[in-house]
Amino acid sequence: MKKILNKILGYGVLLMFIAACNNDEEKYNTSVVRNFEIQINDEPYVLNTGISTKFIFIYKNDGDFFANYSSHFRFALENGAYKFLATDLPEQMVPSPVNLNDLIIPQAIHADQKVNISAAMPYKSPFEDLLTMNILTRTGTLRLKALDKTADPAYTNIKTTVEVKRSGYKVADETFIQEDMEVSRTKKTTTGGINYTDDFIVFQTDEAANNVSIRIEFMNNDMEVVSTKEISGSFPIVANAVTQINFNLNEADTPVIENYEVTVNGEVYTTAKKINQK
């Protein structure tokens, strides 16, 4: 009996020793991520402590989704190479945990969604260097503002269509999907166009070839098109900025609106031609 008890005790000590070795091995096969900072458009960003949003996304080096964390706490990762990205709009920017190489953020069809996301930053154990994740706004705002003083009772709805050259943003390599598409919105007007204004959020254009163009349809209560106008020229969109076009909707016999004032990121132009010549 004594021999049996000794054997049981011996096996118990052996199991405890094995467990301790495994714990030590796990301890030394992980490293704690603690030295990182978040920025939004180059400005420091600190998440309110009362908000539990997990806006740090971690991918394995091959792009496979690995984990999603908040910035409130330190966390340990298995030693290795990863890619980190951050966004203050996690549900909209990363709606599902796909491979990083397949993560494409589409242009919102109603032009009502900002795109805020950092580059995918490489980071490897022991995670000692400072990691900066700079969340950049990849979209800008096109603002249309009517200056009319006289109403036109012929229409009660204004449908504005913006033709864009970029249909999506590929996160893995910070490139845009070059594809023509249209975004549109219809607004009801009870003032015959007076005080009409609308904002469209679309991808930054970067160069003149990607500038946006605008078509306006005027419709009655039955949503029948009464008339159509275009705004002459095409217009740049600057990331995290506003391109505002001030014009008259109701000038008679003007299927093409050529008289307008454009403000791009605070700089005023009188025609789209002058913008593109700059």
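Reader: Which residues line the largest cavity?

Author: In this predicted model, the largest cavity is lined by Gln107, Val164, Lys165, Arg166, Val202, Phe203, Gln204, Thr205, Asn210 and Val212. Among the strands, β13 (157-170) and β15 (197-203) each supply at least two residues of that lining, and the largest share, 3 residues, comes from β13.

Reader: What makes this space a cavity, and what is its volume?

Author: A cavity is a set of points where a 1.4 Å probe fits but cannot get out, and the space in question has a volume of about 40 Å³. With 30 Å³ or more as the rule for counting, the count comes to 1 cavity.

Reader: How do the lining residues divide into nonpolar, polar and charged?

Author: The lining of the largest cavity holds 4 nonpolar, 4 polar and 2 charged residues. Lys and Arg count as charged, and the lining includes Lys165 and Arg166; Val and Phe count as nonpolar, and Val164, Val202, Phe203 and Val212 are among the lining residues.

Reader: What makes a set of residues a nonpolar core, and which members of the largest one touch the most others?

Author: The members must be buried residues of the nonpolar kinds, joined through side-chain atoms within 4.5 Å. The largest such core has 28 residues, of which Leu142, Leu144, Ile231, Ile245, Phe247 and Leu249 touch the most other members. Two or more residues come from each of β12 (139-146), β13, β14 (175-188), β15, β16 (212-219), β17 (225-235), β18 (242-247) and β20 (260-264), with the largest share, 4 residues, given by β16.

Reader: Why are β15 and β21 called edge strands of their sheet?

Author: The sheet is an open one of 5 strands in the order β15-β12-β18-β20-β21, with mixed pairing. β15 and β21 (267-269) each have a single partner strand, so one side of each has no neighbour in the sheet, and they therefore stand at its edges. Neighbouring strands of this sheet are turned by 20° against each other on average, direction ignored.

Reader: Which strands form the open sheet of 4 strands, and in what order?

Author: The order is β5-β4-β7-β10, with antiparallel pairing; β5 and β10 (121-124) are the edge strands, each pairing on one side only. The twist averages 30° from one strand to the next.

Reader: Why is asparagine 240 called partly exposed?

Author: Partly exposed is the class between buried, under 20%, and exposed, over 50%; asparagine 240 has 43% relative accessibility and therefore counts as partly exposed. Asparagine 240 lies in the loop between β17 and β18, and its C-alpha atom is separated by 9.6 Å from that of valine 115, 125 residues apart along the chain.

Key:
Residues numbered from 1 in each chain as written. Predicted model: local features only at pLDDT ≥ 70, side-chain atom pairs only at ≥ 80, totals over all residues. Heavy atoms only, no water. Pairing = 2+ DSSP bridges. Axes fitted to C-alpha atoms, helices over the stretch in contact; angles between N-to-C directions. 1 Å grid on protein atoms, 1.4 Å probe; cavity = no way out; pocket = protein on both sides within 12 Å on 5 of 7 lines; lining within 4 Å. Points joined across faces, edges and corners; volume = space filled by probe spheres on them. Buried < 20%, exposed > 50% of the residue type's maximum accessible area, 1.4 Å probe, protein only.
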